[in-house]
Every structure is written in structure tokens, then in C-alpha cells.
Amino acid sequence: MISGWLFDAYAKNNKMVFWIKQKNGKTTRLEGEWSHPIYVAADDKSLFKTIIENEIISGFVSSHQVLPKYESLTDSSESLVLQLRLKDSNKAVKLASEIEKMFRFGQIRIYNVDVLPAQTYFYEQDIFPLAYCQIYDKSSIKWNIKDDVWSTDYELPIFSNVHLRVFPKIDEGKIPRYTDRIGHIEIQNYMTGETVEIEEESEADIFGRLMKEIADINPDFMLTDDGDSFTFPYLIERANHNSINLELGKEKSPLIKPRKEGTSYFSYGRIFFKPSTIKLPGRIHIDTDNSFIIAESGLQGLYELARICRMPFHTASRASIGKCMSSLQFYYATKQNVLIPWKPTLSEHPKNLEELIIADRGGMILEPRIGVHEKVAELDFVSLYPSIMQKMNISAETVLCRCCLDSKLRVPQLDSYYRCEKRRGLVPKALEILLTKRKIYKKLRNSVSDIKLKKIYDSRQTALKWVLVTSFGYLGFNNAKFGRIDAHIAVCAFDREILIRTMRTAEWNEFEVLHAIVDSIWVQKKDRHTNLSQNNYERLKDEIETETGFDISLEGVYKWIAFVPSKDNDIVGVPNRYFGVFEDGTLKLRGIEARRHDCPVFFSNYQQIILNMLAETDTVNDVITMFPKIQDVFGKHLKLLKERRVSLNELVFTKRTSKNYDKYQDRNTVENNAILNLHGEGKSLRAGEILKYIIIDYYRSNSKKRSIPIELANSRTKYDVKRYCEILKEVTSTVTGPFGLMLKNEPAM
Ligand SMILES: [Zn+2]
């Protein structure tokens with residue numbers, strides 16, 4: 001018998017490969033017969049025969065049968081569909097396309113095509129990554145799971161992890177190319193804290209040592225900074241050049257460069273670039289550059305996410321949060337015998353004009369009152385949108401369902417909308433585990449004293465928070481398999497209703513509402529001379545909870561808070577652009593430079609210094625008294641810039657490109673300039689990739705050298721003093737402006 005944690009799983013032809021991490025630290029490989037199924041539905045069942053008898057199709061298929069399945073979430077009965085098991089699990093899309101070619105549009109419908117085979121296996125077998133399991137017979141795997149995905153105190157193995165860094169031999173200011181030879185390699189061992197340096201006479205020797213060191217350490221997780229986009233493609237290229245088979249996984253198979261470098265894709269109105277991924281069989285390669293979840297919640301968050309959403313680590317670490325959410329929904333769909341559409345199907349319910357106007361208002365209720373306010377409390381609802389979906393049973397198939405035409409469960413303000421009285425929706429079902437576990441993890445985090453445990457619970461609740469945050473956007477996302485805009489609209493309507501009740505409750509309690517958006521409100525006592533204790537706010541919180549039926553928490557009471565105007569319009573406040581100081585002296589910042597990732601470090605650090613000074617004040621008057629000191633700090637930074645004593649690294653702007661490099665010819669902005677310069681030197685950015693540049697000659701609008709990409713900068717590069725000084729001034733104004741304080745143009749040097 002083998003017992004241990006299910007560490008990795010992937011499909012190989014008509015088999016599944018599993019890696020089990022045992023308590024003694026060893027990892028064992030298992031293999032089982034299984035292949036991925038796709039499903040075909042048709043009104044004319046005789047088409048099934050046409051499919052099965054087709055020669056091309058039978059080349060892909062290992063077995064077939066006709067089964068009852070729900071074609072859609074809204075169906076009230078099952079229909080007979082054709083199940084086709086693949087000879088090679090990884091060829092589902094190819095097979096589906098071949099079938100599609102055989103028929104006229106609409107004659108057939110195809111399901112479960114673009115679901116990762118390992119995920120389908122997890123759903124079918126009811127297992128998940130890191131599940132503790134026992135297997136009695138290696139030759140025919142039956143999962144005996146001694147673990148529960150609902151558990152909040154599961155035991156985990158001790159993993160051996162390394163970080164791999166490769167340094168090509170290049171001159172300063174040159175972009176590394178695949179033709180550059182390897183300079184040296186570092187393997188940082190997290191288990192021992194040691195770093196192995198590999199520097200040898202020849203590249204062949206470097207590879208020899210690299211493979212030996214990795215085999216000796218035998219890591220489970222291998223972290224890189226940019227393994228998908230550079231480190232591994234580069235290593236593979238160098239290995240090929242030296243006619244070496246590069247083996248870094250646990251299986252004896254050399255790494256192969258992916259056919260495609262990657263793809264650009266849209267998500268929430270922005271474009272991103274995903275490089276093709278490099279998988280190391282038996283180990284998990286985590287590209288820290290290509291992993292949102294690792295950046296937000298570390299490995300502990302990833303473990304929790306992979307378990308709950310039932311995705312292998314390789315995929316889970318790179319997946320968008322929306323992908324994780326859909327995997328969780330696919331699991332519940334599979335349990336309900338519902339098929340997963342290949343292409344989205346549910347369409348929008350036609351709306352009348354008034355409904356459109358109300359619907360499009362989204363979650364915005366009360367614009368912030370710009371300027372500075374003293375003694376303001378912020379209250380935030382806990383996971384409000386997902387809680388609404390769960391509590392109000394909102395899902396694609398429960399809003400405007402076909403089974404309850406005269407339902408008494410209505411949607412506020414939207415007269416023609418109603419909710420199902422008979423069935424629990426798929427989305428509320430999937431949200432339940434996320435909401436419940438997050439609540440428990442938060443409680444555990446706040447109650448344990450052990451710092452390490454506290455951190456683990458916090459990482460797990462953070463990972464769940466992100467899935468919950470996305471769950472709403474995903475509900476209305478047209479490309480989501482089980483999404484539907486009407487469900488999205490219903491949630492917004494409930495949200496507005498809840499916020500309006502919240503504001504009313506605040507006003508009854510003699511509070512003025514300064515700003516309300518989505519799931520937060522900021523309130524100030526109307527009579528500002530009364531001294532309020534924590535109790536007054538707790539009472540308000542309790543009343544809001546009674547009035548709305550949803551959990552709200554007191555984020556804190558600000559000594560003062562500034563709502564910052566939009567950059568283009570001084571009168572209109574921008575939601576999510578504010579800064580303030582809580583009573584305990586901690587700062588909260590949103591949307592201003594110190595928090596923004598695209599802002600050069602020099603400015604964000606500088607603004608943080610000013611904000612730290614402000615954090616020590618108690619009143620608006622204190623800030624005004626402090627102004628000469630701020631002016632002083634400004635002067636010192638201005639001097640650093642003017643004397644060129646700021647390093648280039650601190651002046652880098654970071655920007656995600658919105659289109660491919662060759663679409664940037666039209667306007668000569670500093671960004672376009674940098675992109676074209678980079679292209680000229682052999683690095684062509686695709687839509688969604690990250691550009692980093694320094695401004696060198698901002699005001700020469702015809703110049704081709706207004707800015708320089710960081711890759712091309714060297715010790716002779718000179719930044720544009722005038723432009724950077726102007727930005728320093730703007731960054732200062734963001735935090736002094738709300739107090740009505742204006743900087744002198746030329747401060748004392
Ligand atoms: Zn119904």
C-alpha cells in the first residue's frame with residue numbers, strides 16, 4: 001500500500017500519471033488507464049452513427065457510448081448524448097474540430113472539450129491536489145481519500161523547494177539573446193538556505209552540473225523569475241546548441257521548447273500576455289512572474305486554491321482567478337451530471353430602456369466628497385457580492401428561470417426580474433465552500449498567537465478572497481461557461497438596495513455619508529463636537545447588519561481622510577482614490593502614486609516619506625503646521641534629481657502594452673518611442689507584455705530618443721531632469737493639494 005499526498009497529475013495518451021508525496025519525503029510515480037471524454041448532442045440521434053463510423057473520428061476515439069446528461073443548467077430533464085473517450089486525452093480540441101467540420105452549423109452541440117484532462121479526472125473521481133490518500137493496488141488505482149476539501153486544518157508534507165536563476169553572459173545595456181552563452185547559474189535551496197553557484201569552463205559542463213545538482217536536491221517545487229518567458233526557453237535553446245538532452249523533471253524526457261511563444265488575451269477590458277508554459281514532469285515549475293496567486297498569497301494560498309478548485313499546481317499557479325472559479329463550477333456541474341459547453345450559450349434577457357438605465361448604474365451610489373474630512377469611519381461589507389449571490393440564490397439558471405414564471409422571489413427595482421423557488425443554483429453552491437472556509441480562516445487567523453500559523457491562515461483566506469472578488473465579474477462575463485448578464489444585473493440591484501438601506505441607517509443614527517461604493521461606506525457624525533467611542537460605531541455596525549441581513553465590519557476610524565479629485569476634473573471625486581490615517585496611526589492608501597506599480601520607485605518611496613510624516617498628525621491643522629517640513633523634503637529630493645544622483649533603476653516607468661509592437665507607429669509618445677527602440681534592438685513586445693522605460697528627452701517631440709527601454713540603458717544614459725522634477729511636483733501635490741497647500745516653484749536648495 002502507498003499512502004501520501006497527491007502531488008501532481010497529468011494525462012499522457014490514454015493514461016493518467018500521478019505523483020504521490022509520501023511522509024518519508026519520497027515521491028512515487030503511479031500510472032492508471034483513463035482517458036478524457038468529450039460529448040456530442042444532436043436532435044437527430046442518427047448523427048451519432050455517422051460520427052462513430054467516420055474514419056478520421058475513429059482514429060481519435062478509444063471507446064464510445066450513449067448516456068443521459070443535462071445539456072444545460074436550465075434543462076429540466078436529461079437527454080441522450082454521445083460520449084467519446086479519446087485515445088490521447090490531450091487531443092480533445094482536435095477531435096471536436098474534426099466533428100464540427102462534418103456538420104452544418106447548429107446540427108450538433110459539443111461539450112467538455114476545453115477542460116484540462118487532469119481536472120476532469122479530479123471531478124469524476126472526487127479527488128483533489130494534496131489530498132491525503134491510500135492506494136492498495138498500484139496496478140488498478142482506486143482512490144481511498146483520508147482527507148476532506150472542507151477541512152481547515154489539513155496536514156501537508158514538507159516540500160523541498162529551490163529557486164533557479166540563470167545569467168547569460170552579456171555586456172551592460174544589451175538584451176540577452178538565445179545566442180548568448182550561459183554565464184553562470186544559481187540554485188537557491190529553500191530547505192537548507194544555501195545557494196549553489198554553477199560556473200564552469202564550458203556550457204556543456206554547466207549543464208552537466210545543473211542536471212546533477214537538481215537530481216541530488218530532487219526538488220518538488222522549482223521557482224523561477226521568468227521560467228516560461230525566458231529562463232527555460234533560453235536553457236533549452238542553449239542545450240540544443242550543445243547537443244545536450246536537458247532533463248530537469250523527474251521523468252526521463254528532455255525539455256522541449258513550446259511551438260508557440262505565447263498568446264495575448266483580454267480579461268476585464270485589459271489585455272494580457274501569457275507565455276507558453278514549461279512543465280517539468282513530476283516537479284512543479286512556478287514562474288513567479290507568471291503567477292498572480294503566488295504574488296498575492298504565496299505557496300500556502302496556492303495549496304488551498306488547488307485543493308478547493310481541483311486544479312493541478314502547474315495550471316493553478318498560472319491560471320487567472322476566473323479560471324479557478326470556473327474549475328470549481330465545473331466540479332459541481334459534473335456532480336450534477338451537467339455538461340460543460342465548449343462555447344458559451346445562454347443569451348441576454350431583452351431589457352426595456354428603464355431597466356437598462358438602472359442596470360448600468362452598477363455599484364456606484366454616492367460619489368466621494370473631495371477634500372479632507374476629520375473623524376470618519378469606514379465600514380466594509382464582508383464579501384458582499386458573493387454573499388448576495390449565495391444568499392439570494394443568484395445564478396445563470398435561477399434568474400428568470402423557466403420553472404417559476406410567477407415566482408414570489410423578486411429582484412429590487414427590476415420589475416420583470418425574478419428568482420427560482422425550486423432549485424439551488426450552481427454559482428451559490430460553488431460559493432458556499434469559499435465563503436464558509438474564508439470566514440473560518442479569518443477567525444483562526446485572529447485567534448491564534450503562533451505567528452507562522454497566523455500567516456498560513458491569512459494566505460489561505462487571501463487566496464479565497466480573490467476567488468470571491470472575481471466571482472461576481474465572472475457571473476456576467478459573456479465568455480464564462482455558466483455566466484449570464486441577467487444574473488450580474490440582479491446582483492447589482494440587490495447591492496444598490498443594500499447600500500441605500502445602509503445609508504439610511506447611518507442617517508437615522510445622525511451620521512453623514514461622505515462616500516458609498518459597491519461594498520463600503522464612509523461616515524462622519526453630523527455633530528462633530530460629540531466625542532464618539534468605539535461603541536457608537538459598533539452600534540451602527542450592528543444596526544446595519546440587522547437592517548440589511550449582511551455582515552459588515554468596521555474597517556476603522558480615520559483621524560482624517562482625503563478624497564482626491566480625478567486628474568482630469570478637479571470637481572469630480574474618483575472612487576478608490578484616497579488616503580487617510582486611522583486612529584492608531586496606520587495609513588490607508590488607494591489609487592495614489594505610492595500604491596501604484598507603474599510609478600517609478602523614486603516617486604512612490606518619496607510619496608511614502610511624506611505620507612509617513614502625515615501619519616503622525618492628528619488633525620488637518622497639524623498637517624498645515626507641518627507644511628514647511630514637507631517643503632524641505634521636497635527640496636531635498638528635487639536637488640537629488642537635479643544633481644543626477646538618482647539611479648536609473650529608481651526612475652523606471654512600468655507599463656503593460658495594449659497592442660503588438662508594430663501597431664505603435666502612429667503617435668510618438670514616450671511609450672511608443674521605447675517600444676520601437678526595443679524592437680529595433682531585436683526585442684518585439686506583444687500585446688499584454690510589460691514595458692519598462694526611462695524618460696531621457698521628453699520635450700523633443702520629434703525625436704526618436706525621448707525615452708529608452710531599461711534593457712538598453714547603460715552607464716552613459718542620462719535621464720530628463722526637467723521632466724522628472726515636474727513629476728516630483730505632481731506627486732507632492734496629490735498629497736498636499738487636498739489640504740489646500742501649494743508648493744513653492746523653486747524651493748530653497
Ligand atoms: Zn424556478
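In what order do the 5 strands of the open sheet stand, and is their pairing parallel or antiparallel? In this predicted model, the open sheet is built from 5 strands arranged in the order β3-β2-β1-β8-β9, and the pairing is antiparallel. The edges of the sheet are formed by β3 (27-33) and β9 (144-145), each of which pairs on one side only. Helix α4, which spans residues 117-125, packs on this sheet and touches both β1 and β2 (15-21), with a direction that makes about 135° with that of β1. In general, the strands of a sheet pair through backbone hydrogen bonds, in either a parallel or an antiparallel manner. Strand β1 (residues 2-12) and strand β8 (residues 132-135) run antiparallel and are joined by 4 bridges, and W5 stands opposite Y132 in β8.

For four tetrahedral donors, the ideal angle at a metal is 109.5 degrees. Of the coordinating residues, C401 has a relative accessible area of 3% and is therefore buried, and C404, with a relative accessible area of 4%, is likewise buried, since the term applies under 20% relative accessible area.

Conventions
Residues numbered from 1 in each chain as written. Predicted model: local features only at pLDDT ≥ 70, side-chain atom pairs only at ≥ 80, totals over all residues. Heavy atoms only, no water. Buried < 20%, exposed > 50% of the residue type's maximum accessible area, 1.4 Å probe, protein only. Pairing = 2+ DSSP bridges. Helix = DSSP H or I, 4+ residues; strand = E, 2+ residues; numbered from the N terminus. Contact = heavy atoms within 4.5 Å. Axes fitted to C-alpha atoms, helices over the stretch in contact; angles between N-to-C directions.
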